[in-house]
Amino acid sequence: MAQPASGAVQLTGPVEVVGAGLLGASIGLACRRAGIDVVLSDISSEHLRTASGLGAGRARTEADRPQLVVVAVPPDHLGEVIAAALDASAGTGAVVTDVGSVKAGPLAALADHPEAARYVGSHPMAGSEQSGPLTATAALFDGRPWAITPHPDSAVDAVELVEELVRLCGGVPVWLTPGEHDRAVARTSHVPHLLASLVAARLADAPENHLALSGQGVRDVTRVAAGDPGLYGQIVSANAEAVLDLLGEVRDELERVIDAVGRRDRGSLETLLARGAAGTRAIPGKHGGPPRPMRSVWVSVPDHAGELARLLADAVASEVNIEDIRIDHDPARPVGLVELVVEESRAEHLLGSLESRGWATQR
C-alpha cells in the first residue's frame, strides 16, 4: 500500500504508554532516550513502579494531555482498551496506536467508534520469550521491522505520527493492511511458535539419556516455545482464521512426510527437505537485503572468564565480520563450542586466522 510522506508531523509528546510490560516499557525507554516525555499507566502497580524506576516514564496524572497513546496490553483486551483511549482523549486530537500482534480483531471492535479516524494499528516485530518491564530495553526495536497498519478511515496525520514513533524508536516501518498483517504474522510467527511447541513437547517426558544428546539444533528449533503459554494462547486464538489456513497446509505436508518416511522414499523426502532449505533462503538478509550465503565456523572455547572475549578479539583482528554467534556447552567437559556465522566467502580466512592464534576449530 502507499506510504504517507514522512516529516509532515513531528512527535513532541507527551506519549502515553498503556501497559508497562516488555514492549510498553521498551517504547517508554526509547522515547525517553529521544527526550520525549512519557507517561505510563498499567493495572499492575508493580509493573508501573518497576517501569518508572527503570526510567521508562512517569505515572500518568489527570492533567496530562498526551499527543500519542500507545496501547501495549494483551490481545484479549486490545479492542476495549483502544476504545477507552479514544474516549478518554476525545476532543484533544490525540492519536491512538497499539502494538498488538493481531490487527483485524481490534479494528473490528472499533467499527462504529466515532473517533476511529484517530486510531492507527502497528506491531513491532521485536521481543523475546521473556516478559515484564525488567526485560525492557531502549534498543529493543533498533533495526527491527515494525508494521504500520492504517485502516481506510485513518487520518493521514495520525498515520504520519505513528510512523514518527516507529522511526524514533529505531524501527523500520513496513506498510500493510490489517488483514495482510495477520496473514503475514501467522506465517512468520504464530504457526512457527505452535510447531516449536509441538517439537518441544516431545522433550518434556523424554528419558534422561535421550536429552543428553541435545545440541544446538534442538535449542534453535524450540527456543520460542519457552514463551508464556497464556499470552501465546491469546495471540493464536485472536488470529485463528489465518493460523488455521496455514496449519492446514502444514498438515498436508506432514501427511506427505509420514508417507515418504513409511515407504523409505528418499526422493520424496529430499524434495520436501529441499523446500524447507529454500524457505530458509527466502528469509530477508541483513538490513532487509537479499540473503547471502553463510557458513558456520566452530571453535572450542574453555569455559572460564575471559576466553570468549579473547576469541571475539581474535575474530576482529582477522577482519572478518561476525554475522551471528551461538554457544553450545559440552555437558561432560568445561568447554563451550562457539558457532561464529560469517559470509561463506570469508569462512576459510577466519578459520586460518583463528588456528594461527592457537584456537581449536572444527573443519
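Student: Which residue does Thr97 stand opposite in strand 6?
Tutor: Please keep in mind that this is a predicted model. Strand 5 and strand 6 run parallel and are joined by 3 bridges, and the chain passes from strand 5 through helix 4 to strand 6 in a right-handed β-α-β crossover. Within this pairing, the residue of strand 6 that stands opposite Thr97 is Val120.

Student: Is strand 6 enclosed or exposed, and how many of its residues are buried?
Tutor: On one side of strand 6 lie Tyr119, Gly121 and His123, and on the other Val120, Ser122 and Pro124, and all of these are buried, with both faces covered. Strand 6 is therefore largely enclosed by the rest of the structure, the number of buried residues being 6 of the 6.

Student: On the side of strand 7, in which sense does the pairing of strand 6 run, and which residue stands opposite Pro124?
Tutor: In general, strands of a sheet pair through backbone hydrogen bonds, and the pairing may be parallel or antiparallel. Strand 6 and strand 7 are joined by 4 bridges, and their sense is antiparallel. The residue of strand 7 that stands opposite Pro124 is Trp146.

Student: Which strands form the edges of this sheet?
Tutor: The sheet is open, with 8 strands in the order 3-2-1-4-5-6-7-8 and mixed pairing. A strand at the edge pairs on one side only, and this holds for strand 3 (58–59) and strand 8 (172–175).

Student: What is the handedness of the unit made by strand 1, helix 1 and strand 2?
Tutor: Strand 1 and strand 2 pair in the parallel sense over 4 bridges, and in that pairing Val17 stands opposite Leu40. The unit that strand 1 and strand 2 make with helix 1 is a β-α-β unit, and its handedness is right-handed.

Student: Where do the side chains of strand 2 point, and what is the bridge partner of Val39 in strand 3?
Tutor: As a rule, side chains in a regular strand alternate between the two faces of the sheet. In strand 2, Val38 and Leu40 point one way while Val39 and Ser41 point the other way, and all are buried. Strand 2 and strand 3 run parallel and are joined by 2 bridges, and the bridge partner of Val39 in strand 3 is Arg58.

Student: Which residue of strand 4 is the bridge partner of Val18?
Tutor: Strand 1 (residues 15–18) pairs with strand 4 (residues 68–71) in the parallel sense, and the pairing extends over 4 bridges. Within strand 4, the bridge partner of Val18 is Val71.

Student: How many residues are in the largest nonpolar core?
Tutor: Cys31 and Cys169 are among the residues with the most contacts inside this core, as are Val15, Ile27, Leu68, Trp146 and Leu165. Elements that contribute two or more residues include strand 1, helix 1 (22–33), strand 4 and helix 5. Ile27 touches, among others, Val17, Val70, Trp146, Leu165 and Cys169. The number of residues in the largest nonpolar core is 38.

Student: At about what angle does helix 5 run to strand 8?
Tutor: Helix 5 (residues 156–168) lies across several strands, including strand 4, strand 5 (95–98), strand 6 (119–124) and strand 7 (145–149). It lies across strand 8 as well, and the angle there is about 140°.

Student: Is Arg118 buried or exposed?
Tutor: Arg118 is in the loop between helix 4 (104–109) and strand 6. Residues that Arg118 touches include Leu86, Ser89, Val95, Val96 and Ala158. The cut-off for burial is under 20% relative accessible area, and the value for Arg118 is 11%, so Arg118 is buried.

Key:
Residues are numbered from 1 along each chain as its sequence is written. This is a predicted model: local features need pLDDT of at least 70, side-chain atom pairs count only at pLDDT 80 or more; totals for chains, interfaces and linings use all residues. Side-chain values use heavy atoms; hydrogens and water are left out. Two strands pair if DSSP finds at least two bridges between them. Contact means heavy atoms within 4.5 Å. Axes are lines fitted to C-alpha atoms, for helices over the stretch in contact, and angles run from 0 to 180 degrees between N-to-C directions. A nonpolar core is a set of buried Ala, Val, Leu, Ile, Met, Phe, Trp, Tyr and Cys residues joined through side-chain atoms within 4.5 Å. Buried means under 20% relative accessible area, exposed over 50%, partly exposed in between (1.4 Å probe, protein chains only). A crossover is right-handed if, with the strands pointing away from the viewer, the path from the first strand over the helix to the second runs clockwise. Lists of a residue's contacts leave out its neighbours within four places in sequence.
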